[in-house]
Amino acid sequence: MSVKTMLITGASRGIGAATALLAGKHGYQVAVNYANNDAAAQAVVHRIKSLGGKAQAFKADVTNNDEVIGLFKAVDAAFGGLDVLVNNAGILETFGILQATPDKISRTFEANLFSLYYCSREAVKRMSTEQGGRGGVIINMSSAAAKLCSMPGGNAYSASKAAVDGFNLALANEVGAQGIRVNAIRPGLIATDIQNGRGGLEVAAKIASTSVPMKRMGEPSEIAEAVIWLASEHASYVHGAVLDVGGGR
Ligand code: NAP
């Protein structure tokens, strides 16, 4: 069987980095996308290679349509195809409705939603059996915020992630007959840098200790396991689903 390629957006840190490491261990060729943090991306690539895996870092802002087109061409050139796209990159900026300027609203929706359109379009071009592809898997990173909508100042973030759930199902309906499985994951509170957007890890840990049934934050590796399962043949009839991985939230 040929080696499969997984492209993970936002894989220099947090959930994306953990997914990249686990994908490398599972034998995927890993395309590690990132926006700015060259050192972090190279460290992920180095760790995968040091364990005998194959990986390369690809700098591209996934909110920029032209850069996304370039990203997919670069992955083609490096790995000769694409089997799994993980639409993981995202941002958390908290602001109340009175502070909701067009710039702020756009930044959140461009990062958390528009990027999924740009990347999924390029993936479908390559994976769709109707376009001569061999099929594939797309996994969209949503959030428990999509259903809870409870984070102070999290209106735009929650709305953008609720839109991810809608996008996920609509895309699943559109490309299910083209050999492409599409699913989403809703992580709960996970210990990553993104928590700086709501006051840091200590604040997040406190929230987890009271409002998460398992009384703790999750680790990025616990989301990575779900990604690898959804990408695998073990999930061959899972399509259009949204998987909650949030300790009960
Ligand atoms: P994180 O630790 O802040 O890491 C974000 C990653 O995304 C970094 O690799 C960053 O690259 C990259 N990124 C940001 N904007 C980008 C852009 N425009 N183009 C390319 N890459 C970009 O975040 P995380 O917690 O791992 O979150 C990953 C995903 O899970 C997000 O979609 C988030 O909304 C979702 N999620 C997280 C949690 C949680 O509690 N952590 C809960 C629910 C959902 P650089 O290093 O170059 O900046």
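Good morning, colleagues. Please bear in mind throughout that the model is predicted.

I begin with helix packing. Two packed helices are described by the angle between their axes and the distance between the axes. The pair I shall take up at the outset is α1, residues 14-25, and α2, residues 38-50. Their axes come within 9 Å and cross at roughly 20°. An angle under 35 degrees counts as roughly parallel, and α1 is therefore roughly parallel to α2. The crossing of these two helices, α1 and α2, is right-handed. On the α1 side, the residues in contact are Ala17, Ala20, Leu21 and Gly24, and they meet Val44, Arg47 and Ile48 of α2. Sorted by class, this contact of α1 with α2 comprises five nonpolar residues, one polar residue and one charged residue.

I turn now to the second pair, formed by α4, residues 102-127, and α6, residues 155-175. Here the axes approach within 8 Å, with a crossing angle of roughly 15°. Helices α4 and α6 are therefore roughly parallel to each other. The crossing of α4 and α6 is right-handed. From α4, the residues taking part include Phe109, Asn112, Leu116 and Val124, while those from α6 include Tyr157, Ser160, Val164 and Phe167. By class, the residues of the contact between α4 and α6 are 13 nonpolar, four polar and one charged.

Is Asn112 buried or exposed? Asn112 has a relative accessibility of 0%, so this residue counts as buried. With which side chain does the side chain of Asn112 make a polar contact? The partner is the side chain of Ser160, at 3.2 Å. Ser160 is itself among the α6 residues that meet α4. Leaving aside residues up to four places away in sequence, Asn112 touches Gly90, Ile91, Tyr157, Ser160, Lys161 and Val164.

The side chain of Asn168 makes a polar contact with the side chain of Asn140, at 3.0 Å. Again leaving aside residues up to four places away in sequence, Asn168 touches Asn140, Val182, Asn183, Ala184, Gly240, Ala241 and Val242.

I close with the backbone. Most residues other than glycine have a negative phi. Against that background, two residues call for attention. Cys149 is not a glycine, yet has a positive phi of about 50°. Where is Cys149 found? Cys149 sits in the loop between α5, residues 145-148, and α6. Its relative accessibility is 51%, and Cys149 therefore counts as exposed.

Lys215, likewise not a glycine, has a positive phi of about 60°. Lys215 is placed in the loop between α7, residues 201-211, and α8, residues 220-231. Its relative accessibility is 48%, so Lys215 counts as partly exposed.

To review the main points: α1 and α2 are roughly parallel, and so are α4 and α6. Positive phi values are found at Cys149 and at Lys215. Thank you for your attention.

Technical notes: Residues are numbered from 1 along each chain as its sequence is written. This is a predicted model: local features need pLDDT of at least 70, side-chain atom pairs count only at pLDDT 80 or more; totals for chains, interfaces and linings use all residues. Side-chain values use heavy atoms; hydrogens and water are left out. Helices (H or I, at least four residues) and strands (E, at least two) are DSSP runs, numbered from the N terminus. Buried means under 20% relative accessible area, exposed over 50%, partly exposed in between (1.4 Å probe, protein chains only). A polar contact is a pair of N or O atoms within 3.5 Å; within protein, one must be able to donate a hydrogen and the other to accept it, and residues adjacent in sequence count only if both atoms are side-chain atoms. Contact means heavy atoms within 4.5 Å. Axes are lines fitted to C-alpha atoms, for helices over the stretch in contact, and angles run from 0 to 180 degrees between N-to-C directions. Angles under 35 degrees count as roughly parallel, over 145 as roughly antiparallel, 65 to 115 as roughly perpendicular and the rest as oblique. A crossing is left-handed if the near helix is turned anticlockwise from the far one by less than a right angle, and right-handed if clockwise. Ala, Val, Leu, Ile, Met, Phe, Trp, Tyr, Cys and Pro count as nonpolar, Asp, Glu, Lys and Arg as charged, and the others, Gly among them, as polar.
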